[in-house]
Amino acid sequence: MRLRATGSMRTPPSDYLALDLRAHDIMRGVPLHDVSVVDLPGGGAGRTLAEVRALMEGMPSGVVVAALMYQFPREMLAEIRNSTVHAFLSTAIVPAPGGYRFYWAVYMKPMSWFTRWYLAAIEPFRRFLVYPSMLRRIRAAWIARYSPPERRRD
């Protein structure tokens, strides 16, 4: 898989499903809607999802998380529910060559006949603006905090 210069991209769901995560068992039967990844260079040994979440705090967010279902050192599952969608956001961080790889996966259950239309309408906005922008901000904050000085130009 080749990542964009920003280090992020959509990835085949099979890449995400190959990870050893609890989310796969919990979400069994719920359609996996989308998976994006971003490479996080450097960081040293033992980094966890808590470090990524700390970088995300203070970033503007249009997503309201209704309930935190669980969080472990390398994975988290959150639930978002409204009259249009019942979604689950799964995030995970795994060691990768030269650093870590952060996964952002969305599972989606339709709530009404309108869900399919709604998802189609927001797809370009979500795919080309929201997720790439958010993942770029995470990567930039990670590089500023955890990468060696020679890598901070990425």
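Begin by selecting Tyr16, Tyr103 and Tyr107, which ring pairs link into a cluster; rings of Phe, Tyr and Trp (its six-membered ring) pair if their centres lie within 6.5 Å, and planes under 30 degrees apart count as stacked, over 60 as edge-to-face and the rest as tilted. By this rule the count comes to eight aromatic pairs.

What you have open is a predicted model, in which local features need pLDDT of at least 70 and side-chain atom pairs count only at pLDDT 80 or more, while totals for chains, interfaces and linings use all residues. Residues are numbered from 1 along each chain as its sequence is written, and side-chain values use heavy atoms, with hydrogens and water left out.

Next, zoom out to the whole protein and colour it by secondary structure. There are four helices and six strands, taken as DSSP runs (H or I of at least four residues for helices, E of at least two for strands) and numbered from the N terminus; from that end on, the elements run β-α-α-β-α-β-β-β-β-α. Of the 154 residues, 44% count as buried, where buried means under 20% relative accessible area, exposed over 50% and partly exposed in between, with a 1.4 Å probe and protein chains only.

Now select Tyr70 and Phe72, an aromatic pair that is tilted, at 5.0 Å centre to centre and with 45° between the planes. Tyr70 is buried because its relative accessible area is 10%, whereas Phe72, at 32% relative accessibility, counts as partly exposed.

Move on to helix H4 (residues 114–146), where Phe114 and Tyr118 lie four residues apart, about one turn of the helix. Their rings form a tilted pair, 6.2 Å centre to centre with 40° between the planes. Phe114 is partly exposed at 37% relative accessibility, and Tyr118 is partly exposed at 31%.

Finally, show helix H3 (residues 49–56) together with H4: their axes, as lines fitted to C-alpha atoms over the stretch in contact, come within 9 Å and cross at roughly 110°. H3 is therefore roughly perpendicular to H4, a class that covers 65 to 115 degrees, with angles under 35 counted as roughly parallel, over 145 as roughly antiparallel and the rest as oblique. To display the contact (heavy atoms within 4.5 Å), select Glu51, Val52, Leu55 and Met56 of H3 with Met134, Ile138, Ala141, Trp142, Arg145 and Tyr146 of H4.

Conventions:
Axes fitted to C-alpha atoms, helices over the stretch in contact; angles between N-to-C directions.
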